[in-house]
Amino acid sequence: HRTHNTMSRTTGRKSRRPSQQESVPILSAAYLKNAKSKKDIISRLSAITNALESDPELDPSDAPGLASLSTLLVQPDSFLHHKDSDVRLHTLLACMELFYVYAPEPPWDEEEILNIFRVMVRMLGNLGHTLESSGSGVDGGGTSGNSAETSCGENSNNYEHYFRILELLSEVKIGVVLVELVRSTPTDLDPSAEDELRQEALEILCDLIRTIITCVHVDHPPEVAAHAEVAVAACIEEFDGSVPVQVLDEILVFVGAGPIQWVTNPAAVRAAAAVALAKKKRQPPPFPQSEMPPAQIQQTNPQYLVAAKIIRRTEDKISSPIAALLNGLLGGDTDVVTSISVVDLTETTTTDARGKTVSTPSAAAVTSTGQVAHTGADVWSITYELHRIAPQILTTVIGTVASSLVYPEVGPRWRATKLLGRLFAARSSNIAVKFRICFSQWLRRSADTEQKIRETMVKGLVSFLTNKSHETDLCQD
C-alpha cells in the first residue's frame with residue numbers, strides 16, 4: 001500500500017568488509033540471540049550494522065535470516081525497547097540500515113515503524129548537545145520537545161552515531177516513510193483507526209522535523225546543517241498537493257526567531273564561578289563588578305539558517321501553503337489559529353544584556369546550551385523574515401497586512417504599521433515599489449489618532465528616507 005518513491009538506495013556507501021560472503025552469517029536473529037551480555041549485544045549490533053553498511057548491493061532475498069533479524073530488533077521488550085540506551089542506539093542504527101536495504105518497502109508494520117521513529121527522534125535530539133571533539137551526550141534531555149536519550153556507557157563516544165542517524169535521514173530519505181503514513185493508511189483498518197494512525201504519524205513527523213532542525217549547533221561542522229536541510233526538504237517534497245499546516249508550523253517557528261540569537265556567555269559563567277569561589281574562601285573578588293562579562297552574547301542562529309535553506313529549497317512546493325497560512329493567521333481564521341502554535345499575534349518585550357528594552361518574537365527562547373526552545377511564533381516577525389528568505393511568498397500577504405492598517409483596535413493596527421514600515425524600508429526589498437497602493441495606505445497612518453502609531457510612523461519614515469533615497473517618487477509621497 002506504500003510506494004515510498006523518494007526513499008532510495010544510493011551507491012556511494014563506504015565499504016568496510018571485502019565481500020558479502022563474509023558478512024551474511026551475522027545477518028540473522030540467531031546471531032543476536034546468542035549474545036551473553038550487554039557489551040556482547042552492542043558488539044553484535046555493531047557487527048550487524050557494519051555488515052549492512054558494507055554491502056550497498058545486498059538483496060534481502062540473498063540473506064535468508066534478514067527477515068527474522070528485522071522482526072527481532074523491534075519486538076516488544078526486545079532490543080529497540082531495551083532498558084540500556086546504548087543498546088537502543090545501536091539497534092536504531094541497525095534498523096536505519098535496514099530501511100536502506102529494504103527500500104522502498106520497510107520490513108515492519110505501521111506500529112513498528114512508528115516505534116522506530118520515536119526512538120530515532122529521542123536519539124537524534126542528542127546531536128544538538130554533542131560536538132565532534134567531545135563525542136558524548138549531555139544528560140538532561142533534548143530541546144526539541146522530546147526527552148533526548150543519552151548514552152551513559154563508560155566508553156561513550158556517540159557523536160558519529162548521532163551524526164549517522166542524520167546522515168541516513170538525508171541520504172536515504174527515510175523520513176518519507178512517515179509522510180506516506182500521513183498520506184495513506186492500510187485499507188483493512190476501520191476508519192477511526194486509520195485516522196488515529198494518520199494523526200500519530202503526523203505528530204511524529206513534526207517531532208522529527210523539529211528535532212532535525214534543533215539538533216544543528218553553531219559549533220557543528222557544516223555537514224550537519226547540510227544533512228538537516230536535505231532530510232527535511234525530502235519530507236516536504238514527498239507531499240502531494242498542500243503541505244500540512246503542522247509541518248509548516250515546525251519550520252516557521254525557527255524563521256520567526258531571526259538570524260541572531262542571545263545565548264549564555266561562557267565567560268560570564270566562568271567569572272560568576274570564580275566570584276562564588278572567592279566568596280566561599282572569604283577572599284576579595286578576582287575582579288571588580290564593573291569588569292564582569294555580559295551575561296548574554298549574540299551569535300548566529302543556526303536553526304534559522306537551516307529553516308531558511310529548507311524554504312528556499314522547497315519554495316515551489318511550500319510557498320502557496322505558507323502564504324495561505326499567514327493570510328489565515330493575519331485574517332483571524334479560527335481553523336488555522338487553533339490548529340498550530342504560530343498563533344501569537346503579539347510581541348514580547350524583553351531586556352537585552354545591555355539593559356535595553358527590545359521587542360522580540362515569541363518564536364524561540366534560547367536555553368543555556370544555545371538551543372532554541374519550541375514556544376510558539378510571532379506571525380509579524382515571521383512575515384518580516386520571509387522577505388529576506390523568499391519574498392515571492394509575500395505576494396498575497398502584503399495586502400492582508402495592509403488591511404489591518406484600518407483595524408479598529410490599536411494593537412493590530414500598530415503592529416501592521418510597524419511591520420510594513422520595516423518591509424518598505426528594508427534595503428534588500430523593493431516591496432514599496434511593487435505594492436504602491438499599500439505604501440500609500442501606510443503613509444496615511446502618519447495622521448493616526450493614536451500617538452504610539454504616529455511615533456512608529458516617524459521612525460519608519462526616517463528609515464525609509466535614509467535607505468530608499470533613490471526612490472524619488474516614493475520619497476516625494
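This is a predicted model: local features need pLDDT of at least 70, side-chain atom pairs count only at pLDDT 80 or more; totals for chains, interfaces and linings use all residues.
Let me begin with Arg 454, which touches Arg 445, Ser 446, Ala 447, Asp 448 and Thr 449, leaving aside residues up to four places away in sequence, where contact means heavy atoms within 4.5 Å. Residues are numbered from 1 along each chain as its sequence is written, and side-chain values use heavy atoms, with hydrogens and water left out.

Arg 454 sits in helix α21, residues 451-467; helices (H or I, at least four residues) and strands (E, at least two) are DSSP runs, numbered from the N terminus. The relative accessible area of Arg 454 is 33%, so this residue is partly exposed, given that buried means under 20%, exposed over 50%, and partly exposed in between, with a 1.4 Å probe and protein chains only. A polar atom of the Arg 454 side chain lies 3.2 Å from the backbone oxygen of Thr 449. The C-alpha atoms of Arg 454 and Thr 417 are separated by 9.4 Å, although these residues are 37 residues apart along the chain.

Now for the protein as a whole. Its secondary structure comes to 22 helices and 6 strands, and of its 477 residues 52% are buried. Among contacts with a separation of 6 or more, 73% are between residues 24 or more positions apart.

Let me turn to helix α6, residues 110-124. How far apart are the end C-alpha atoms of α6? They are 21 Å apart, which agrees with the 21 Å that its 15 residues should span at 1.5 Å a residue, because the expected span is 1.5 Å times one less than the number of residues. This helix is mostly covered, with 11 of its 15 residues buried, including Ile 113, Phe 117 and Met 120. The buried residues of α6 pack against α4 (66-74), α5 (85-102), α7 (159-171), α8 (176-183) and α9 (191-214).

Next come two helix pairs. Two packed helices are described by the angle between their axes and the distance between the axes. Axes are lines fitted to C-alpha atoms, for helices over the stretch in contact, and angles run from 0 to 180 degrees between N-to-C directions. The axes of α11 (residues 245-256) and α16 (residues 379-389) come within 8 Å and cross at roughly 85°. That makes α11 roughly perpendicular to α16, since angles under 35 degrees count as roughly parallel, over 145 as roughly antiparallel, 65 to 115 as roughly perpendicular and the rest as oblique. Leu 252, Val 255 and Gly 256 of α11 meet Ser 381, Ile 382, Glu 385, Leu 386 and Ile 389 of α16.

For the second pair, the axes of α13 (residues 302-313) and α14 (residues 315-330) come within 6 Å and cross at roughly 105°, and these helices are therefore roughly perpendicular to each other. The contact is made by Ile 311, Arg 312 and Arg 313 of α13 with Glu 315, Ile 318 and Ile 322 of α14.

I will finish with Arg 210 in helix α9. Is Arg 210 buried or exposed? Arg 210 is buried, because its relative accessible area is 10%.

Definitions and conventions
A polar contact is a pair of N or O atoms within 3.5 Å; within protein, one must be able to donate a hydrogen and the other to accept it, and residues adjacent in sequence count only if both atoms are side-chain atoms.
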